[in-house]
Amino acid sequence: MNPGRVVMAVMPALAAMMPAACRKTERLAPRSEELGPESSWVPMAPAARPRLSAPGRGEPERVEFITADGVTIVGDFFCAEGLGAPPLPGPRGQCGVFPAVLLVHGKRGSRLDWQPLLDRILPTPRALPSVLAIDLRGHGDSTTAAGGVRLDARRLQDVPAAGPNSWGGVVADVAAAMEWLRDAGGGAKGRVVVVGAGIGAVAAIRGAADAGGGLGVAGVVALSPTEIHGVTLGAGATAKLAAAGARFLAAAAEDDPAPAPAGVRAIEASAGVENVVAEVFETGGHGVALLRGRPDLADAALAFATRLLASSERVAIPVGDEIVLVGSLDPALDPSAPAIVLVHGLRRDSRSLEPLRAALATALPCRILAVDLRAHGASVATSSGSPIGFEQLSGGVPDEDVRSYRGLLRDVEAVVRFATNTGDVDCGQSRARCPRYAIVGAGFGGTLAVVAAAAATADPGVGPPAAIVLLSPVANMHGLSIWEPLGARLGSAGAQVFAAASSRASMSLDDAAEGIGSDARTVRTISTMLGPGASVRIYPSDAYAEDLQAAHRDLVPAIVEFLRTSIRLK
């Protein structure tokens with residue numbers, strides 16, 4: 001399925017499971033401050049204005065630059081300092097400019113509107129990317145044009161003849177911000193995601209296209225894109241960006257008094273639905289109110305930026321002298337972001353969980369690690385120098401033998417340690433410092449996930465997972481059982497569990513009398529044992545483990561929503 005046709009914001013996982021084209025969904029009521037009359041807006045005096053802030057970053061750099069028509073634009077800039085970026089010429093030294101996010105507010109707003117989103121983009125001192133938030137002309141601190149002309153948003157005019165006092169100039173404001181980023185980066189055309197609200201979303205698209213023909217613009221997040229005051233998407237700006245590789249996330253609400261839903265549909269029509277993730281809600285208000293009222297949309301916007309600014313990485317994890325596990329990591333812009341580990345079942349490989357991985361990467365700003373276990377897929381295991389295959393794994397050899405099924409458990413434990421290595425140490429002394437992570441396991445991979453997670457509860461550098469997802473859980477296999485670790489250790493540590501199985505899968509003759517297979521009975525027992533700590537689903541089919549993803553379209557969205565809640569995304 002073409003991911004560009006996916007609806008992402010309504011339910012995070014629907015992004016990977018069904019076509020979208022401006023899907024409508026019930027949402028929260030709009031906030032009055034977003035819908036108030038234009039005349040209620042009063043600009044704050046520059047001397048009294050606070051500044052944006054980010055944890056551990058200190059004060060942002062106040063930047064100023066001049067637009068093509070002589071307006072001084074003011075912004076706050078947070079650089080990606082000390083994160084391995086090459087040194088830059090000039091006063092910024094080690095400041096890494098790219099990847100970057102440019103924030104463009106809407107009418108009656110200022111750069112301060114973005115503080116809640118900035119708190120999520122830069123939650124720790126180590127988080128990428130750089131961020132530049134600007135005040136559009138006549139707003140915030142951007143109130144001066146050439147010759148000392150004072151600008152006020154309440155007196156901007158709709159006609160180009162007004163010069164610096166024209167609303168059309170907001171396009172030049174964005175173009176100037178893009179050029180400033182390039183200059184700050186030593187002239188490099190690095191990757192940028194532009195986030196705009198209201199008229200600022202339209203200005204973001206037009207200005208980004210004008211600044212460089214789309215080169216370096218990885219994507220645009222358009223919240224309530226509104227064509228007003230003569231500022232329109234134009235005949236070719238959106239298509240120009242899309243042709244250069246930019247992707248779009250566009251969202252609006254039908255209760256918005258501005259024509260924002262029409263803007264979403266215009267972006268789809270111009271860029272092509274394959275390049276746009278779009279949704280029109282029934283309610284939700286205007287601009288940043290959409291993010292405040294919808295955590296799933298905020299998650300989706302961050303995941304969207306992450307996918308465009310931080311590429312997936314191939315990883316190789318050594319386990320002993322004769323084994324190297326191979327897989328892929330979908331990184332987060334914040335290295336301390338929650339991790340989700342995917343564990344495939346026997347005779348499968350990490351690709352078997354691709355529908356879930358894609359949905360998670362689309363909807364959640366997490367690090368997602370999917371690795372082939374030994375003797376599966378691309379992971380190499382050798383015995384006395386000779387490669388071994390899955391058929392050579394055995395339960396009849398010593399545990400330390402490379403061919404032991406117990407070796408698969410060591411693989412999962414190594415993957416968990418790799419995924420949770422964020423630099424924190426001895427989290428056992430303070431659970432608040434433990435890395436947040438979750439494990440998803442299919443079939444026997446679920447058994448491995450449970451036992452490995454239970455062992456991690458005693459590891460001072462890892463700690464317990466926040467959540468475990470089990471697809472067709474196997475209660476006992478190859479000498480491993482889920483019951484003691486799931487109940488006595490993980491349950492008592494507060495781990496949330498999601499378990500799903502099909503009623504007719506793994507059904508033996510003994511099961512036939514009860515009419516339910518062993519995996520479904522395991523799910524039912526988990527529900528009884530953990531009570532409110534478990535979310536369970538039993539489907540009327542014979543699909544097993546990874547095959548549940550395709551057989552039951554509601555499963556992946558439910559898992560994504562469960563993980564979004566249980567790992568407590570900010």
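This tour moves through the structure stop by stop, naming what to select and what is found there.

**Conventions**

The model is predicted: local features need pLDDT of at least 70, side-chain atom pairs count only at pLDDT 80 or more, and totals for chains, interfaces and linings use all residues. Residues are numbered from 1 along each chain as its sequence is written, and side-chain values use heavy atoms, with hydrogens and water left out.

**The whole chain**

Of the 570 residues, 59% are buried. Buried stands for under 20% relative accessible area, exposed for over 50%, and partly exposed for the range in between, using a 1.4 Å probe and protein chains only. Contact means heavy atoms within 4.5 Å. Among contacts between residues at least 6 apart in sequence, 74% join residues at least 24 apart.

**Two cis peptide bonds**

Select Phe-98 and Pro-99, which are joined by a cis peptide bond with omega about 0°. Pro-99 sits in the loop between strand E3 (71-78) and strand E4 (100-104). Proceed to Leu-128 and Pro-129, where the peptide bond is cis and omega is near 0°. The loop that holds Pro-129 runs between helix H2 (115-121) and strand E5 (130-134).

**The nonpolar cores**

A nonpolar core is a set of buried Ala, Val, Leu, Ile, Met, Phe, Trp, Tyr and Cys residues joined through side-chain atoms within 4.5 Å. In the largest core, of 58 residues, select Phe-77, Leu-102, Leu-132, Leu-241 and Phe-248, which touch the most other members. Helix H3 (residues 169-184) gives this core its largest share, 10 residues. A second, separate core has 52 residues, including Leu-369, Tyr-405, Ala-419 and Ile-482.

Return to Phe-248 and display its surroundings. Apart from neighbours within four places in sequence, its contacts include Ile-205, Val-220, Leu-241, Ile-267, Val-277 and Phe-304.

**Ala-252 in strand E9**

Next select Ala-252, in strand E9 (residues 247-253). Ala-252 is buried, with a relative accessible area of 0%. Leu-223 is 29 residues away from Ala-252 in sequence, yet the two are 6.1 Å apart in space, C-alpha to C-alpha. Beyond its neighbours within four places in sequence, Ala-252 is in contact with Ser-224, Ala-260, Pro-261, Val-264, Glu-279, Val-280, Phe-281 and Leu-290.

**The largest cavity**

A cavity is a set of points, on a 1 Å grid over the protein atoms alone, where a 1.4 Å probe fits but cannot get out; lining residues have an atom within 4 Å of a point. Grid points are joined across faces, edges and corners, and a volume is the space filled by probe spheres set on the points. By this rule there are 4 cavities of 30 Å³ or more, and the largest has a volume of about 80 Å³. To find the largest cavity, select its lining: Val-101, Leu-117, Ile-121, Val-193, Val-195, Val-221, Ala-301, Leu-302, Ala-305 and Leu-333. H2, strand E7 (192-197) and helix H8 (295-309) each supply at least two lining residues, with the largest share, 3 residues, coming from H8.

**Helix H14 and its packing**

Move to helix H14 (residues 518-530), whose 13 residues reach 18 Å from first C-alpha to last, close to the 18 Å expected at 1.5 Å a residue. That expected span is 1.5 Å times one less than the number of residues. Its buried residues are Asp-519, Ala-520, Thr-522, Val-523, Ile-526 and Leu-530. Viewed down the axis of H14, they fall within an arc of 155°, so they line one face of the helix. The arc is that of the directions from the helix axis to the C-beta atoms.

The buried residues of H14 pack against strand E18 (467-471), helix H12 (483-491), strand E21 (496-502) and E22. After H14 comes Gly-531, with a positive phi near 60°.

His-478 has a positive phi of about 50° and lies in the loop between strand E19 (476-477) and strand E20 (480-481). His-478 is partly exposed, at 32% relative accessible area. Ala-545 has a positive phi of about 50°, and its loop runs between strand E22 (534-539) and helix H15 (548-551). Ala-545 is buried, at 0% relative accessibility.

Notes. Helices (H or I, at least four residues) and strands (E, at least two) are DSSP runs, numbered from the N terminus. On a 1 Å grid over the protein atoms alone, a cavity is a set of points where a 1.4 Å probe fits but cannot get out, and a pocket is an open set with protein on both sides within 12 Å along at least five of seven lines; lining residues have an atom within 4 Å of a point.
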